[in-house]
Amino acid sequence: MEYPFVPKSTSKLIPGQFWAVPMADGRFGCGRVLQLNTEEIPTKTRGFFGGLHDWVGESKPTSEAIRNRKLIAFGVMHIKAITTTGGAVLGHRELLLDEIEMPLQTNAHGGIGVMMLDGSKHLRPADQDELGAYPVLRTWGYNVITKLADRMLAGVG
């Protein structure tokens, strides 16, 4: 695969790909594709589960720059989270190289049929005592990742 590329659907996305997240101060954060085609992604051709790294740079991220950087926020996103923020997928780095694991979370706060999730993938029905003990999967609007980068990474550097 040649990088960079602007995705028009999720057909060319693979877990581990990353893109630049422009911040208000002119620096960049880094978004990462984590999972595709799971039960909690409502529009499989346009949606994916992704995250924001704890990385900030003066220039766009590279595979080496994000090496061993952890993820600090996760959500289900539309491909426009890439195209309207960073513009293009810049490269790929295997998630296992950085020991990135999907977060345990639930798909709802409570009620009948709540599932425990491995990222956005169903694991099993949640036990009653797990409700409220794990974060709930979020769905992000196109620019949520930029707002999170500005809020969570402003003092990093």
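**A helix across a sheet**

Helix α2 lies across β1, β2, β3 and β4, and runs at about 20° to β3. Keep in mind that this is a predicted model. The points below go through the sheet, then the helix, then one arginine.

**The sheet**
- Five strands make up an open sheet, in the order β4-β3-β2-β1-β5, with antiparallel pairing.
- At the edges sit β4 and β5 (89-92), each of which pairs on one side only.
- On average, neighbouring strands of this sheet are turned by 35° against each other, direction ignored.
- As for what holds such strands side by side, strands of a sheet pair through backbone hydrogen bonds.
- Take β1 and β2: they run antiparallel and are joined by five bridges.
- A20 has its bridge partner in β2, namely C30.

**The helix**
- Helix α2 covers residues 144-153, and its buried residues are I145, T146, L148, A149 and L153.
- Looking down the axis of α2, you'd find those buried residues within an arc of 160°, so they line one face of the helix.
- Turned away from that buried side is a face with the exposed residues K147 and R151.
- So what covers the buried residues of α2? The cover includes β1, β2, β3 (47-53), β4 (71-78) and α1 (80-83).

**An arginine in a loop**
- R27 sits in the loop between β1 (17-22) and β2 (28-35).
- Is R27 buried or exposed? With a relative accessibility of 11%, R27 counts as buried, because the cut-off for buried is under 20%.
- The R27 side chain reaches the backbone oxygen of A154, at 3.1 Å.

Note on methods:
Residues numbered from 1 in each chain as written. Predicted model: local features only at pLDDT ≥ 70, side-chain atom pairs only at ≥ 80, totals over all residues. Heavy atoms only, no water. Helix = DSSP H or I, 4+ residues; strand = E, 2+ residues; numbered from the N terminus. Buried < 20%, exposed > 50% of the residue type's maximum accessible area, 1.4 Å probe, protein only. Polar contact = N/O pair within 3.5 Å; in protein donor to acceptor, adjacent residues only side chain to side chain. Arc of directions from axis to C-beta. Contact = heavy atoms within 4.5 Å. Pairing = 2+ DSSP bridges. Axes fitted to C-alpha atoms, helices over the stretch in contact; angles between N-to-C directions.
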